[in-house]
Amino acid sequence: MTQTMQATLIHAHGGPDQLVVDQLTRPEPGAGEVLVRVGACAVNHLDIFVRRGMPALKVPLPHTTGGDIAGWIEELGPGVHDPEPGTPILVDPAVAEGALGENRPGGLAEYVVVPAENVIVLDDARRLLDFAALPIAYGTAHRMLLTRAGLAAGETVVLVGASGGVGVACVQLAKRIGARVIACTSSDEKATRLRALGADETVVAVDGEFGGEVWNHTGREGADVVVDYSGKETWPQSIRCVRRGGRLLTCGATTGYEAVTDLRYVWVREIDIRGSDGWTRDDLLVLRRLVAEGELRPVIHAVYPLSRARDAIAELEERRAFGKVLVVPDALYDELVDSEKR
């Protein structure tokens with residue numbers, strides 16, 4: 001008898017109403033693949049972009065998104081011999097086609113098929129929600145700050161949009177290495193939480209104008225590193241916040257890709273503009289160790305049952321989230337959420 005599972009489905013590109021939770025045939029792993037029983041899946045702006053539709057992305061509909069997955073091995077496909085079923089694992093979302101949830105079905109479901117080579121074994125299933133929060137946001141932040149920016153202890157970093165998943169991860173990782181953090185956000189409430197997380201100074205820019213205050217916080221010299229993944233709306237100010245010889249980093253553009261760059265700042269201050277594209281397996285292995293050893297606790301804004309996946313994504317889309325938003329299959333929700341509280 002064909003087995004079914006609870007899953008989110010995008011039937012057509014568009015607004016939130018195009019995302020529904022329904023029953024779907026449970027997938028079977030092919031050669032070199034494993035079937036994962038999803039314990040938790042974090043949502044990202046990628047889930048919103050895929051639902052809305054992206055010109056360069058053509059996926060068969062209906063489609064299931066969700067790239068950040070932690071759970072257990074359920075079944076091994078042909079040619080795969082380990083890890084054995086029941087093993088707790090984290091999934092690296094970077095697949096040959098692009099990313100889980102974007103270029104192939106993702107983890108906003110009870111089960112998902114992934115390449116066996118993308119499995120990262122966990123010592124145990126404790127802190128499963130924390131592990132699910134890691135790959136896209138914390139992996140991206142780790143690579144951007146430490147590998148691409150080369151942020152060092154004592155340097156000043158400005159984080160634009162610091163209360164989102166990547167921004168919160170940047171605050172935690174930057175403070176961990178001893179950098180000075182100036183966090184820009186949109187409300188006093190979020191600013192208070194950012195300071196509690198370790199930000200040295202915060203800039204509340206309800207109207208989006210943060211540049212002048214950042215300039216004053218840095219003694220009118222600018223910051224060593226500025227991180228801006230908002231793009232079009234914030235980029236002109238961000239470039240003016242970089243000191244002479246500093247670095248401006250981007251890993252995305254949530255407000256638009258066509259950002260205006262005043263080239264005078266680039267040559268007069270000899271600014272480096274650096275892109276950072278996602279994460280590597282090594283980034284995830286470092287983060288796995290930090291979480292396992294209690295050195296890093298990802299910030300989780302909310303955990304929703306899978307039946308309320310649309311509400312979970314709305315936390316990001318309507319800019320309410322501070323940190324990561326996770327989705328857990330309904331059958332596991334009470335057990336996992338209660339265990340994380342203990």
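This is a predicted model: local features need pLDDT of at least 70, side-chain atom pairs count only at pLDDT 80 or more; totals for chains, interfaces and linings use all residues.
1. Helix H1 (residues 45–52) and helix H10 (residues 309–317) pack at an angle of about 105°, and their axes lie 9 Å apart. H1 and H10 are therefore roughly perpendicular to each other.

2. Which residues make this contact of H1 and H10? On the H1 side they are His45, Asp47, Ile48, Arg51 and Arg52, and on the H10 side Ile313, Leu316 and Glu317. Sorted by class, the contact of H1 with H10 has three nonpolar residues, one polar and four charged.

3. Now stay with H1 and ask which of its residues are buried. Asp47, Ile48, Val50 and Arg51 are buried in this helix. Looking down the axis of H1, you would find its buried residues within an arc of 165°, so they line one face of the helix. Their packing partners are strand E1 (4–10), strand E2 (19–25), E3 and H10. Just after H1 comes Gly53, with a positive phi of about 105°.

4. Helix H3 (residues 134–148) packs with helix H9 (residues 281–292) at an angle of about 110°, and the axes are 9 Å apart. H3 and H9 are therefore also roughly perpendicular to each other. From H3, the contact uses Leu134, Pro135, Tyr138, Gly139, His142, Arg143 and Thr147. From H9, it uses Asp283, Leu284, Val286, Leu287, Arg288 and Val291. By class, the contact of H3 with H9 is made up of seven nonpolar, three polar and three charged residues.

5. Next, a strand. How many residues of strand E8 (residues 111–115) are buried? Five of its five residues are, so E8 is mostly covered. In a regular strand the side chains alternate between the two faces of the sheet. In E8 both faces are covered: Tyr111, Val113 and Pro115 are buried on one side, and Val112 and Val114 on the other.

6. Strand E3 (residues 33–43) pairs with E8 in the antiparallel sense, over five bridges.

7. Finally, look at a loop residue. Thr234 sits in the loop between strand E13 (223–228) and helix H7 (235–240). Is Thr234 buried or exposed? The cut-off for buried is under 20% relative accessible area, and Thr234, at 12%, is therefore buried. Leaving aside neighbours within four places in sequence, Thr234 is in contact with Val160, Phe210 and Asp228.

How values were computed: Residues are numbered from 1 along each chain as its sequence is written. Side-chain values use heavy atoms; hydrogens and water are left out. Axes are lines fitted to C-alpha atoms, for helices over the stretch in contact, and angles run from 0 to 180 degrees between N-to-C directions. Helices (H or I, at least four residues) and strands (E, at least two) are DSSP runs, numbered from the N terminus. Angles under 35 degrees count as roughly parallel, over 145 as roughly antiparallel, 65 to 115 as roughly perpendicular and the rest as oblique. Contact means heavy atoms within 4.5 Å. Ala, Val, Leu, Ile, Met, Phe, Trp, Tyr, Cys and Pro count as nonpolar, Asp, Glu, Lys and Arg as charged, and the others, Gly among them, as polar. Buried means under 20% relative accessible area, exposed over 50%, partly exposed in between (1.4 Å probe, protein chains only). Two strands pair if DSSP finds at least two bridges between them. The arc is that of the directions from the helix axis to the C-beta atoms.
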